[in-house]
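Biologist: I'd like to learn how to read sheets and a ligand site in a model like this. Could you walk me through it?

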Amino acid sequence: MASSFGTLFSVTTFGESHCKSVGVVIDCCPPGLALSEEDIQPQLDRRRPGQSALSTDRQEADRVLILSGTENGRTLGTPIALRVNNLDQRPGDYSAMSHIPRPSHADFTYQMKYGIRAASGGGRSSARESIGTVAAGAVADKILRRKYGIDIVAWVESVGDIVAGAVDVATISRQQVDRTPIRCPDPEAAARMEQRTAQLKEIGDSVGGVVGCVIRGLPAGLGEPTFGKLEAKLAQAMLAIPATKGFEVGSGFAGTRLQGSQHNDPFTAKGDRLGTTTNNSGGIQGGISNGEPVTLRIAFKPPATIALPQQTVDFDGNPTELAAKGRHDPCVVPRAVPIVESMAALVIIDMVMQQQARRAISFT
Ligand SMILES: Cc1cc2nc3c(=O)[nH]c(=O)nc-3n(C[C@H](O)[C@H](O)[C@H](O)COP(=O)(O)O)c2cc1C
């Protein structure tokens, strides 16, 4: 079930980079939800290529169409199929590379696994697959906001060695994040990130970065202990995004440099609930949400396809030089922001539904 995700709110994505369409089928979306393309399109617009000079020049409108699962603008509880057509393809860009596996891309491993691959555009390994998760995530996001007051915001924290100032996770909004094309809420750092990305695009090189994310308004009690831990599901979801190389929750790796006395989050009364005075746990303890904001960081590598010449070998082992053609992102993090938010929404809606199923029949 490699293309499916989720236990109760389950999604199956389909499509390759240069096939006719990409999309998703959502199963078990609650019935009666007001849903139209306008609910989904804004997040796809934030993800789409060609949205700024900092992304790939591939131009795709990425207009979503709801094929099934709604009537008169309301969900029926039946499978919702969402489709986006691929329009701007240049398979010719890839013909020279069809015998040369791109270093650090997925050409070699897909070929080894299947004995065949969609050589044009990266096939299923392409970030176009994330259209399905972003479209489904927008539906989950609407339910979480409207019904549960849960909101999710991601932003760019660093590009290469340029690191933004600390973000106030209590107040950061998507509007603030979108004030700069690089999607970094620190304007001074954003300007330097944009300059660095533009310089690297110009010379045909690429750069990585870190995306931060906060999930606010979660009640305590979400997450299934042991193999269904909330952070384990979030890690799986985030590391399923192409080009991810690392995942942190709360204090993450930096927490290893603290002592227990510094790292522990003391409890305190917050109105009618228990909260914590600090949040090194990142809102999760024992795999279960504790009611504090869930804070995540996701590391993205520099995209592999670069125009600068690289010494490598072809599939037959013959030494060759590869200067990749095609239109590629010099840095994926600005476009990864809505993908991270969507993956988080898919995990949380599934956890909410699982917890409601558990509590519906409970003697406590
Ligand atoms: C939004 C987004 C855009 C991407 N654009 C490109 C790109 O233009 N060129 C490229 O080589 N990789 C790009 N990637 C990354 C590749 O899809 C990914 O590195 C490749 O499939 C290999 O998988 P892996 O890095 O997860 O091992 C992008 C990733 C994301 C999230």
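This is a predicted model: local features need pLDDT of at least 70, side-chain atom pairs count only at pLDDT 80 or more; totals for chains, interfaces and linings use all residues.

Biologist: Fine. How do I start reading a sheet, and which strand order does the one with β1 have?

Modeller: The general idea is that strands of a sheet pair through backbone hydrogen bonds, either parallel or antiparallel. Here, five strands make an open sheet in the order β1-β2-β3-β7-β4, and the pairing is antiparallel.

Biologist: Which strands stand at the edges?

Modeller: β1 (4-5) and β4 (64-66) do; each has a single partner strand, so one side of each lacks a neighbour in the sheet. Take the β1 end: β1 pairs with β2 (residues 10-14) in the antiparallel sense over two bridges. To find your place by eye, look for Phe5, which sits opposite Val11 in β2.

Biologist: And which helices go with that sheet?

Modeller: Among them is α1 (residues 37-47), lying across β4 and β7 (80-85) and running at about 155° to β4. Helix α4 (residues 130-148) also packs on the sheet, where it touches β2, β3 (21-27) and β7. The direction of α4 makes about 40° with that of β3.

Biologist: Now the sheet with β8 in it. What is the strand order there?

Modeller: Read it as β9-β8-β10-β16-β11: an open sheet of five strands with antiparallel pairing. β9 (162-163) and β11 (244-249) are the edge strands, each with a single partner, so one side of each has no neighbour in the sheet.

Biologist: How many bridges hold β8 and β10 together?

Modeller: Eight, joining β8 (residues 151-159) and β10 (residues 209-216) in the antiparallel sense.

Biologist: What about hairpins? Which residue in the β12-β13 turn has a positive phi?

Modeller: Gly271, with a phi of about 65°; two residues lie between the strands of that hairpin. The antiparallel strands β12 (residues 267-270) and β13 (residues 273-276) are joined by four bridges, and Lys270 has Arg273 in β13 as its bridge partner.

Biologist: Last stop, the ligand. Which residues come nearest?

Modeller: Ser125, Ala243, Lys301, Thr305 and Asp329, out of 15 residues around the ligand. That shell divides into eight nonpolar, four polar and three charged residues.

Technical notes: Residues are numbered from 1 along each chain as its sequence is written. Side-chain values use heavy atoms; hydrogens and water are left out. Two strands pair if DSSP finds at least two bridges between them. A residue is near a molecule or strand if one of its heavy atoms lies within 4 Å of it. Ala, Val, Leu, Ile, Met, Phe, Trp, Tyr, Cys and Pro count as nonpolar, Asp, Glu, Lys and Arg as charged, and the others, Gly among them, as polar. Contact means heavy atoms within 4.5 Å. Axes are lines fitted to C-alpha atoms, for helices over the stretch in contact, and angles run from 0 to 180 degrees between N-to-C directions.
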